[in-house]
Amino acid sequence: MSEPRTVEDLLRTLAPRVLGVLVRRHGQFDACEDAVQEALLAAAVQWPAEGVPDEPAGWLVTVAGRRLTDQWRSESARRRRETAVAMSRPYHELITPAPAEELERHGDDTLTLLFLCCHPALSAPSQIALTLRAVGGLTTEQIARAFLVPETTMAQRISRAKQKIKEAGATFSMPAGPERAGRIAVVLQVLYLIFNEGYTATSGPDLQNVELTAEAIRLTREVRRLLAEDDTAAGETAGLLALMLLTDSRRATRSTPDGGLVPLAEQDRSRWDADLIREGTELIEHTLATAVPGPYQIQAAIAAVHAEAGSTKETDWDQVLVLYELLDRMSPNPMVTLNRAIASAQVYGPKAGLDLLDSLAADKRVARHHRLDAVRAHLLELAGDLDAAREAYVRAARRTVSLPEQRYLEAKAAALR
């Protein structure tokens, strides 16, 4: 691994810990987060050339603390005095960091930051963006590139998110009781969305963004470690992690050398990552035996069935269908019904799958989604209705904004002429 990549990984790991120290010490999440980003940028420039300091966390806290005091010194003397009084300490203490002691005393603040970034006052896109920046350690430029928007647009989105958190009066502490239980679900949903966006980019020239999937897996591991004593949350967190690992095991086989999409049925399963499959399978088997099953655990179980099969033909489709039926009852969702239709077609024939798709025709959430047309085209092709299948492939290609998916669907349509 190259030195710059090593530095980048280290900074990403340290970012939430450093931010936690500053927010605990000074409050003002928005100002502290900006200061940490400046410190990370300085480290990214200096460390590859000068070497990583002996205490990298202390270095980052010191630099970020100085950025804060520089900002505060530019304000009026009254504001500086009020800040010092409000914090009940002399102003000069604001630039005297003690990172080692504070890191040891408070431990890892990743989960607290996740809860803060997933505040219900924020929209889902803002929750994801702020989580990637404050907890994931990604720069605004990296996040903007992942979501295919200009850097200035993403900077404004993150700035508004931080302002909303400030206006909501959110504190840097773990919420308790029902609020905590409700927020855990949001945290897991954000991580799930981050992983999905990385695994299959919703738009743009690339099929997947490895940086996003890796970050989602890292953060989910962290959540699972920190929630070890919470049975309900730990079960679904473990299920989400297992789902990510089993799904990510296929990454190397999902695209051709030129970036083309390779569907599951055509992937070379001998190249799937055996270590990820082993870890994910063991994790979901243990979790299902010890925790109350939830939607993420069911999805992980489905992924495990696929991982155990040598080919599409050898897949235990009866078991997959039963699991999708359970998931559809547990967490109704049009995308779950789409996958259930595919499994039904494998078990009972393409007409059974097409009948399920017809039940989604009136659902506005999915009626014009390219995936509905793509699944319909696949099932029509299996049923032998090639003209209708070709038309559905063409519609799907027109409706997707992912170039790899578009090229694949166009090729399928052309092959049926």
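The lining of the second largest pocket in this predicted model has 9 nonpolar, 7 polar and 8 charged residues. That lining consists of 24 residues, and Gln37, Leu40, Leu41, Leu138 and Thr139 lie nearest the centre of the pocket. The space in the second largest pocket comes to about 520 Å³. Two or more lining residues are given by each of helix 1 (3-26), helix 2 (29-50), helix 8 (140-146) and helix 9 (151-167).

Two packed helices are described by the angle between their axes and the distance between the axes. The axes of helix 2 and helix 7 (residues 124-134) cross at roughly 50° and come within 11 Å. Helix 2 is therefore oblique to helix 7. On the helix 2 side, the contact is made by Phe29, Glu33, Asp34 and Gln37, and on the helix 7 side by Leu130, Arg133 and Ala134.

Leu122 lies in the loop between helix 6 (110-117) and helix 7. Leu122 has a relative accessible area of 7%, so this residue counts as buried, the cut-off being under 20%. Leaving out residues up to four places away in sequence, Leu122 touches Cys117, Gln127, Leu130, Ala161, Lys164 and Ile165. Leu122 and Ala161 are 39 residues apart along the chain, and their C-alpha atoms are separated by 6.4 Å.

Note on methods:
Residues are numbered from 1 along each chain as its sequence is written. This is a predicted model: local features need pLDDT of at least 70, side-chain atom pairs count only at pLDDT 80 or more; totals for chains, interfaces and linings use all residues. Side-chain values use heavy atoms; hydrogens and water are left out. On a 1 Å grid over the protein atoms alone, a cavity is a set of points where a 1.4 Å probe fits but cannot get out, and a pocket is an open set with protein on both sides within 12 Å along at least five of seven lines; lining residues have an atom within 4 Å of a point. Grid points are joined across faces, edges and corners, and a volume is the space filled by probe spheres set on the points. Helices (H or I, at least four residues) and strands (E, at least two) are DSSP runs, numbered from the N terminus. Ala, Val, Leu, Ile, Met, Phe, Trp, Tyr, Cys and Pro count as nonpolar, Asp, Glu, Lys and Arg as charged, and the others, Gly among them, as polar. Axes are lines fitted to C-alpha atoms, for helices over the stretch in contact, and angles run from 0 to 180 degrees between N-to-C directions. Angles under 35 degrees count as roughly parallel, over 145 as roughly antiparallel, 65 to 115 as roughly perpendicular and the rest as oblique. Contact means heavy atoms within 4.5 Å. Buried means under 20% relative accessible area, exposed over 50%, partly exposed in between (1.4 Å probe, protein chains only).
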